[in-house]
Amino acid sequence: MAQTQRGDRRQRDDRRQRDDRRSDEPELIEKLVGINRVAKVVKGGRRFGFAAIVVAGDGRGRVGYGTGKAREVPEAIRKATEQAKRSMIRVPLREGRTLHHDIQASFGAGNVVLRAAPAGTGIIAGGPMRAIFESLGVQDVVAKSLGTANPHNMIKATFEALRAVEGPRSVAARRGKKVSDLSRGGRGEGAEVQETVNG
């Protein structure tokens, strides 16, 4: 009797710890970008299934995408969501609302241009790119897809661009300088070079 009570107490404690762990994790924003019906040709004919692509982010600078295939739509979405959570990347954001600099990237036939924007601009982007920025927590950005409208290649090209975004800290660390030396108004090496060119 005492052993069963002890076992029950241990299970309750484990459950409480799991719930606490879940509450510590930020609530993820999940967006279904697209779902396609796919067919696999087998001996007896065709076997139909569904392929889903999902974008997930925490709204605070982390985002990922995933794809999943299954015979039923909910299972395909679940697989894609799990993959999106596993493949998250961190993107540095300026003032927590926009990108630090403009960037262009491509993947296959997908070619995208992302531009930092002033406050109040909003998310000017279409389709899959909008889902990425909303999940990422970007509030002001101007984005344009110059290549294919295929959501898979658009998303992959956008992620290539986001991986290449650098914040002032990483640039300063790479160049062995302080962040204050990199500012436009700072009197660093750039200002001296400008003076010699003008003079």
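User: What should the 13 residues of helix α4 (residues 151–163) span, and how far apart are its end C-alpha atoms?

Analyst: The general idea is that the expected span of a helix is 1.5 Å times one less than its number of residues. Here that means α4 should span 18 Å, and its end C-alpha atoms are 18 Å apart, which agrees. Keep in mind that this is a predicted model: local features need pLDDT of at least 70, side-chain atom pairs count only at pLDDT 80 or more, and totals for chains, interfaces and linings use all residues. Residues are numbered from 1 along each chain as its sequence is written, and side-chain values use heavy atoms, with hydrogens and water left out.

User: How many helices and strands are there in the protein chain?

Analyst: Helices (H or I, at least four residues) and strands (E, at least two) are DSSP runs, numbered from the N terminus. The protein chain has seven helices and eight strands.

User: Which residues of α4 are buried?

Analyst: Buried means under 20% relative accessible area, exposed over 50%, and partly exposed in between (1.4 Å probe, protein chains only). In α4 the buried ones are N153, M154, I155, A157, T158, F159, A161 and L162. Across the protein chain, buried residues make up 31% of the 199 residues.

User: What does the side chain of N150 reach at the start of α4?

Analyst: One of its side-chain oxygens comes within 2.9 Å of the backbone nitrogen of H152.

User: Now the strands. Which sense do β5 and β6 pair in?

Analyst: Two strands pair if DSSP finds at least two bridges between them. Strand β5 (residues 103–107) and strand β6 (residues 110–116) are antiparallel, with five bridges, and F107 sits opposite G110 in β6. The two strands form a hairpin with two residues between them, and G108 in the turn has a positive phi of about 60°.

User: What else does β6 pair with?

Analyst: Strand β8 (residues 141–145), also over five bridges in the antiparallel sense. There, V113 stands opposite K144 in β8.

Key. Polar contact = N/O pair within 3.5 Å; in protein donor to acceptor, adjacent residues only side chain to side chain.
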